[in-house]
Amino acid sequence: MSPASVEAATETSAAERPHLHSGSGRVERLLARFHQLRNFTDALCAGLEPEDCVVQSMPDVSPTKWHLAHTTWFFETFILKKFVPGYRPEIPEYAYLFNSYYNAAGDMHRRDLRGLISRPTVREAQRYRASIDSHIDTLLSNADEKLLDEIEPILVLGRHHEQQHQELLITDIKHVFAQNPLYPVFRSGRARHSVRAEERTATPTRRGPYRFVDFEEATVAIGHDGRGFAYDNEGPRHQALIPAFSLASRPVTNGEYIAFIEDNGYRRPEFWLSLGWMTMNEQCWQAPLYWTKHDGSWWHFTLSGFRPVDGSEPVTHVSYFEADAYANWAGVRLPTEFEWERAALDVPIDGNFVEDELFHPAPTAVASTVSAEKTAQNQDLHQMFGDVWEWTRSAYSPYPGYRAAPGALGEYNGKFMCNQYVLRGGSCATSRSHIRRTYRNFFQPEKRWQFTGIRLARDPQ
Ligand SMILES: [Fe+2]
C-alpha cells in the first residue's frame, strides 16, 4: 500500500475498555462495527466494473482488487493466524501476493507490479473477503472475554487500516480513470453539486479573502492523550513551545492558485525549493494534477467527470513543492504540524468527509467578517477537517521518546520516518471516524494524487 500514514502499530487504550459490554453484547458490537466497515468498502466499489479493478496506473496506485484483498489479508494474518488454533489458509499464496510491506510477516510481491496480476480474479478476491469475514464471525462468537481482550486491539487496528485503504481506493481509482480519454464517472455527485452550484450563483460575492488568525506563544501538549484509538506515531504526548504565529482562516482556493499560475509561478525559480524546481521541470508540471487548459479556461478531472475548475473550491492535488512555492509567492509560509495541531485544539471535527459522498473538496466557507474579539479563535478557522489534507512544513519524524513496537505491527509507522512531510486534517476521501486532531498523515514531497491542499501561515507582523 501507499506509505500513507500508516498502518500503525498501536493499541486500544485501556480507557476505552470499561465501556465495553460483556458477553454477547460485546461480540455483537465488535462484529457490527467490523461488518459496517467491510460493507462500506464494498459500497465504494459498487459502481466499478471488474475491468476497472485491475488497473495500476502508476507505481503509487494499487488496483482496487488489491485493496480488497490486502485489507482482508490483514485480518487473516494478524487475527486468524494468531488466534485460531491450527488455522490453515485456503490459499496460502495470498500471503505473498497481498502482503504490502511487512517484512516480519514474510516475503511479498513487488508493489509496482500489482497491476500485472490477473488472478485471483475480482470475484475470487470478493470470495476471499467473504471467507475471512466468516472466519472472523466464528472466532469472535466463540471467544471468551480474555481472548476478546487480546483480539479487540488488533481488530480495531484492522478497522482503521481498512479505512486508510478506503481512501486510497478512491484516490487510486481517480488516477486510473484520469488516464482514460472517456473520463469515466465514479459518482455523479449531481445532487450535491447542483445545490452548491445554485448557492454559488446566488451568492457570488459572499466569499471574500482569507484572513489570518493570531496565536500567542505558548507551551502546549502535542500528541494523542491516550483516550481511544490512535496510531503510535501520534505519541508520546509531549510539551512543545510554539512561538507566536498566524494561521489562515481557510485553505487556498483554486481561484487564488490560478493567480499564482498566471503570475508565472511555475516559471519563477525564486519561489521553489531546489528539489521542487528540478522535479517540477522533469515532470513538466504547469498546474495541479488533473488540470488541463481548455479553450482558455482551466478544467480538471474529478470523480464526477471532467468539468471547469471552480474558483471557490480549495485547490487540491498539489505536491509539497507546489504548496511551498505558492506560500513563498504569497509572501508567507506553510504551518508547522505543531502550529496546526494547536490551532485545531478546539475546532470541532466536522467537514466534508467520505460519508458525504461528494468525493471532491467543497467550496470554501464564507470568510469570517467578525472581529477577533467577538469570537473564539476556532470559530475563525474553516475547513480544518475534511476537504483537503493540508501540507505542513514539518518533516515526518518521531516525537521525543517514540519507539516502534516490536514485531510486524511495529513496522507501520516508524520505518517511514524519512524524506516525507506531515499532512493534517483529513480530506473528502477520509472517514469522519478515522481522523483526529493529532492524526499525522505523511507523503513524499512530490506526491500529488491524494487530496492534498494548502493552508497558509505566517510569523507575527
Ligand atoms: Fe495496508
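**Entry 1: Glu313**

Leaving aside neighbours within four places in sequence, which residues is Glu313 in contact with? I looked this up in a predicted model, where local features need pLDDT of at least 70, side-chain atom pairs count only at pLDDT 80 or more, and totals for chains, interfaces and linings use all residues. Residues are numbered from 1 along each chain as its sequence is written, and side-chain values use heavy atoms, with hydrogens and water left out.

I take contact as heavy atoms within 4.5 Å. Glu313 touches Val252, Thr253, Asn254, His300 and Arg307, and also His360, Pro361, Ala362, Pro363 and Thr364. I find Glu313 in the loop between S7 and H9. Helices (H or I, at least four residues) and strands (E, at least two) are DSSP runs, numbered from the N terminus. With a relative accessible area of 3%, Glu313 is buried. Buried means under 20% relative accessible area, exposed over 50%, and partly exposed in between, with a 1.4 Å probe and protein chains only. I also checked one pair of C-alpha atoms: Glu313 and Val252 are 61 residues apart along the chain, and 8.4 Å separates these atoms.

**Entry 2: the chain as a whole**

I counted ten helices and 14 strands. The chain has 461 residues, and buried residues make up 56% of them. Of the contacts with a separation of 6 or more, 82% come from residues 24 or more positions apart.

**Entry 3: the sheet of S5, S6 and S7**

I traced an open sheet of three strands, in the order S5-S6-S7, with antiparallel pairing. Two strands pair if DSSP finds at least two bridges between them. The edge strands are S5 (291-294) and S7 (305-308), each pairing on one side only. From one strand to the next, the twist averages 35°.

How many bridges join S5 to S6? I find four, and the two strands run antiparallel. His294 has Ser297 of S6 as its bridge partner. The hairpin of S5 and S6 has two residues between the strands, and there Asp295 takes a positive phi near 50°.

S6 (residues 297-302) is likewise joined to S7 by four bridges, and these strands run antiparallel. Trp299 stands opposite Pro308 in S7, and Thr302 stands opposite Gly305 in S7. The hairpin from S6 to S7 goes through two residues.

**Entry 4: H7**

Which residues of H7 (residues 254-262) are buried? I list Asn254, Glu256, Tyr257, Ile258, Phe260 and Ile261. Their cover includes S5, S6 and H9. Asn264 follows H7 and has a positive phi, near 60°.

**Entry 5: H4 against H5**

Two packed helices are described by the angle between their axes and the distance between the axes. I read an angle of about 150° for H4 (residues 122-141) and H5 (residues 145-178), with the axes 12 Å apart. Axes are lines fitted to C-alpha atoms, for helices over the stretch in contact, and angles run from 0 to 180 degrees between N-to-C directions. H4 and H5 are therefore roughly antiparallel to each other. Under 35 degrees counts as roughly parallel, over 145 as roughly antiparallel, 65 to 115 as roughly perpendicular, and the rest as oblique.

From H4, the contact takes Arg129, Ile136, Leu139 and Leu140; from H5, Leu147, Leu148, Ile151, Leu155 and Glu162. By class, I note seven nonpolar, no polar and two charged residues. Ala, Val, Leu, Ile, Met, Phe, Trp, Tyr, Cys and Pro count as nonpolar, Asp, Glu, Lys and Arg as charged, and the others, Gly among them, as polar.

**Entry 6: the sheet of S10 to S13**

I then turned to an open sheet of four strands, ordered S12-S11-S10-S13, with mixed pairing. S12 (441-443) and S13 (452-453) each have a single partner strand, so one side of each is left without a neighbour in the sheet. S10 (residues 389-395) pairs with S13 in the parallel sense over two bridges. Glu390 stands opposite Gly453 in S13.

**Entry 7: Leu334**

Is Leu334 buried or exposed? Leu334 counts as buried, at 1% relative accessibility. I place Leu334 in the loop between H9 (320-329) and H10 (337-343). Beyond neighbours within four places in sequence, the contacts of Leu334 include Tyr320, Ala323, Asp324 and Ala327, as well as Trp391, Arg393, Ile454, Arg455 and Ala457. Leu334 and Thr392 are 58 residues apart along the chain, with 5.7 Å between their C-alpha atoms.
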